[in-house]
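Subject: Structure for you to look at

Hello,

I am handing over the structure below. My notes on what was found in it follow directly after.

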Amino acid sequence: MAARWGTGIRNGFLGQFSHYLIRYATWIPPLVVFNGWVAEITQINGPSMYPFFNPHHNESTRRDIVLVSKWYPDRNLKRGMIVTFRNPLNPKGKVVKRVVGIAGDVIRTKAPYPHEYVQVPEGHIWVEGDGDKTKDSNYYGPISACLVTGRVTHILSPWDRFGRVKWWEHNLRPGIKKARHLLE
Amino acid sequence: FRVLFSTFKLLAFTHLFLEHVLSMAPASGPSMLPTFEVVGEWLVVSRFHKYGNGVNVGDLVVYQIPISTSGELGVKRIMGMPGDYVLVDTPVPGGGTVPEGHCWVVGDNLTASRDSRTFGPVPLALIRGKVFAKIQSNWLPKLIRN
């Protein structure tokens, strides 16, 4: 019995299992790098982007699943893009909102922001949720563009809204005065 | 083919190490004299302290400058955490409070430093790590204490 265990380890179950386990486990770092720097599939939680994401948040617990591009997300941000960024009030939290204003724009703010008009400082963006119940720049002010970690490019689920996020077709709300020195 | 995969995996592992464990970067500029020389020193940065994890007043941190358009990095000392009062050179005369989720950074060389007195509080989420050692021009490492 002992002899069989000794010679059989390499080709036995345990030997083969460890071999394949290590082989597949070494693929974890590239996967993590891919998720962090190329693209990631993630869920949208919360009603702040109603009705664009989670339009049935009152009726079911199903959440939208989206594809987020992580490839240089903070370069060349345009109005209308949907971005993910780290919460300026809580560095561990991630937030999904739409870019409504970029550096230099003058925004007419909504409650509860204390000033009626604000100019977005250099290197910052103004983000807002599409829905009513949202904590966005009207709550914490313009955010540094460096906080942006990704852009939502595609909706993957549910099937009836599958496809590219056509952010360029979004009509901006009134009250955004675009910076004049930028080329449109 | 196998070699390609292995190289790829090694690169990914190294990248993750530099992002989440430790990284090194050259430092330049007069804003942190006498703690750091103007040029020629390398900083050893602990990535465990990313996003302001476990960071305190008095720590030296590497962060992304909030008003930069190219993700420029800065190294300064934290002088205020959320809730602390800042009394010198604030936009509000008489001093203000550091907002939630942010920190107030100031360089050691006050006369030659662009820091929170210029661009306001830095969100903790922009902190890349804490400097815990430096490699001096004579290649000797030196631990940085609070």
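I start with B:Ser31, which touches B:Lys76, B:Gly107, B:Asp108, B:Asn109, B:Ala112 and B:Ser113, not counting residues up to four places away in sequence; contact here means heavy atoms within 4.5 Å. This is a predicted model, in which local features need pLDDT of at least 70 and side-chain atom pairs count only at pLDDT 80 or more, while totals for chains, interfaces and linings use all residues. Residues are numbered from 1 along each chain as its sequence is written, chains are lettered from A and ligands numbered from 1 in the order in which they are written, and side-chain values use heavy atoms, with hydrogens and water left out.

The annotated pair in chain B

The unreviewed UniProt entry lists B:Ser31 and B:Lys76 under "active site". They span 46 residues in sequence, yet no two of their C-alpha atoms are more than 8.2 Å apart, so they gather at one spot. UniProt positions are given in the numbering used here, feature names are shortened, and annotations may be inferred rather than shown by experiment.

B:Ser31 sits in the loop between β1 (22-27) and β2 (41-46) of chain B. Helices (H or I, at least four residues) and strands (E, at least two) are DSSP runs, numbered from the N terminus. B:Ser31 has a relative accessible area of 12% and is therefore buried; buried means under 20% relative accessible area, exposed over 50%, and partly exposed in between (1.4 Å probe, protein chains only).

B:Lys76 belongs to strand β4 (residues 73-80) of chain B, and with a relative accessible area of 6% B:Lys76 is buried. The side chains of B:Ser31 and B:Lys76 are joined by a polar contact of 3.1 Å. A polar contact is a pair of N or O atoms within 3.5 Å; within protein, one must be able to donate a hydrogen and the other to accept it, and residues adjacent in sequence count only if both atoms are side-chain atoms. Leaving aside neighbours within four places in sequence, the contacts of B:Lys76 include B:Met32, B:Asp59, B:Tyr63, B:Ser113 and B:Asp115.

B:Arg77 is also in strand β4 of chain B. B:Arg77 is buried, at a relative accessible area of 14%, and its side chain reaches the backbone oxygen of B:Gly58 at 3.0 Å. Beyond four places in sequence, B:Arg77 is in contact with residues including B:Met32, B:Thr35, B:Trp104 and B:Asp108.

Chain B as a whole

Chain B has two helices and ten strands, in the order α-β-β-β-β-β-β-β-α-β-β-β from the N terminus on. Its C-alpha atoms fill a box of roughly 65 × 35 × 30 Å along the principal axes. Of the 146 residues in chain B, 46% are buried. Among contacts in chain B with a separation of 6 or more, 53% are between residues 24 or more positions apart.

The unreviewed UniProt entry also lists residues 1-23 of chain B as "signal peptide". That span is 83% helix and 9% strand, and its end C-alpha atoms lie 30 Å apart.

Where the chains meet

The contact between the chains takes 20 residues from chain A and 25 residues from chain B. Chain A and chain B bury about 2,000 Å² between them, 68% of it on carbon and sulfur atoms; buried area is the accessible area (1.4 Å probe) that two parts lose on being put together, summed over both. Across this interface, three residue pairs are in polar contact, with both residues at pLDDT 80 or more. On the side of chain A that touches chain B, helix α3 (residues 28-37) of chain A gives the most, with five residues.

B:Pro66, in the loop between β3 (60-64) and β4 of chain B, touches residues of both chains, among them A:Glu122, A:His124, A:Ser144, B:Phe119 and B:Leu126. B:Pro66 counts as buried at 3% relative accessibility. B:Pro66 and B:Val122 are 56 residues apart in sequence and 6.5 Å apart in space, C-alpha to C-alpha.

One residue in chain A

A:Asp64 is in the loop between β1 (39-43) and β2 (65-69) of chain A. At 3% relative accessibility, A:Asp64 is buried, and its side chain makes a polar contact of 2.9 Å with the side chain of A:Arg161. Other contacts of A:Asp64, outside four places in sequence, include A:Thr42, A:Phe52, A:Asn54 and A:Pro158.

Regards
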